[in-house]
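Work through these exercises with the model open. Try each task before reading its solution.

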Amino acid sequence: LAEKVMLVDRQDNIVGAATKKDAHLMENITRSGMLHRAFSVFLFNSRRELLVQQRSPDKITFPLLYTNTCCSHPLSSLPNERDPVTGIKEAAVRRLKHELGITEVTPEDITLLTRIIYFGSSCETWGEHELDHVLLVQKDVVVEGNPDEVACVRYMSKEELMREMGDEERFPVTPWFKIISESMLPEWWDRLEGISGDGKIHEFSFP
């Protein structure tokens, strides 16, 4: 929680840095609207199945909820991760290896599809307010989950995921995964090959 993430404005310009702890404290989010840069990787295999993870019970935000392949932050202390395009991809490669033991993905394999701004409250103390870069990878990989980061992983078809998401008690999901899955993912899933980014920042709910 001592690592520093990048604080950004609503146009994704870096305006400062904060520890992961401070960036996820609800008092900072609600008092000042503190917004930080993040990314969400959606990795598909050659059978067009999405790799989904269940978050570790040790996560401070949204423990044990299901979410997309990998969700994390570029770090302000790493110069190669400060760029909003190439830096995000470098950070994604680093976290895919750390969380899931995936070593086959390179920055060249990653497509930046879009960006979203969203808010989500995990509890009274912790929450998320992120400018989230949504990343696509389609590649067959070897997965070895890090138990400090993930409880379990599974590949899911489009039909299976949509069916499971209909039962929120049995298959609870993170707020960013819910937003992306309901607003954008189905269309992307139908045209994975050759898809390109839209260059936009989409804003969703804030309290």
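**Exercise 1: Met26**

Met26 counts as buried because its relative accessibility is 10%; buried means under 20% relative accessible area, exposed over 50%, and partly exposed in between, with a 1.4 Å probe and protein chains only. The model is predicted: local features need pLDDT of at least 70, side-chain atom pairs count only at pLDDT 80 or more, and totals for chains, interfaces and linings use all residues. Residues are numbered from 1 along each chain as its sequence is written, and side-chain values use heavy atoms, with hydrogens and water left out.

Step 1. Helices (H or I, at least four residues) and strands (E, at least two) are DSSP runs, numbered from the N terminus.

Step 2. Contact means heavy atoms within 4.5 Å.

Step 3. Now take Leu78. Met26 and Leu78 are 52 residues apart in sequence, and their C-alpha atoms are 26 Å apart.

**Exercise 2: Strand β3**

Task: find which strands pair with β3, and in which sense.

Step 1. Start with cover. β3 spans residues 36-44, and nine of its nine residues are buried.

Step 2. Sort the side chains by direction. His36, Ala38, Ser40, Phe42 and Phe44 point one way; Arg37, Phe39, Val41 and Leu43 point the other way. In a regular strand the side chains alternate between the two faces of the sheet.

Step 3. Look for partners. Two strands pair if DSSP finds at least two bridges between them. β3 runs parallel to β8 (residues 127-138), joined by nine bridges. With β6 (residues 70-72), β3 pairs in the antiparallel sense over three bridges.

Step 4. Check Val41 on both sides. In β8, Val41 stands opposite Leu135. In β6, the bridge partner of Val41 is Cys70.

**Exercise 3: Positive phi**

Task: compare the phi and cover of Phe62 with those of Leu64.

Step 1. Locate both residues. Phe62 sits in the loop between β4 (50-55) and β5 (66-67). Leu64 lies in the loop between β4 and β5.

Step 2. Read phi. Phe62 has a phi near 55 degrees, and Leu64 has one near 70 degrees. Most residues other than glycine have a negative phi.

Step 3. Read cover. Phe62 is buried, because its relative accessible area is 7%. Leu64 is partly exposed, at 38%.

**Exercise 4: Asp190**

Which residues does Asp190 contact, leaving aside its neighbours within four places in sequence?

Step 1. Asp190 lies in the loop between α6 (185-189) and β10 (201-203).

Step 2. Asp190 is exposed, because its relative accessible area is 54%.

Step 3. The contacts are Arg48 and Lys158.

**Exercise 5: The whole chain**

Task: does the radius of gyration of the chain agree or disagree with a compact globule?

Step 1. Apply the rule: 2.2 Å times the number of residues to the power 0.38, with the radius taken over C-alpha atoms.

Step 2. For 207 residues, a compact globule would have a radius near 17 Å; the chain has 16 Å, which agrees.

Step 3. The C-alpha trace spans about 45 × 40 × 30 Å along its principal axes. Buried residues make up 51% of the 207 residues. The chain has six helices and ten strands.
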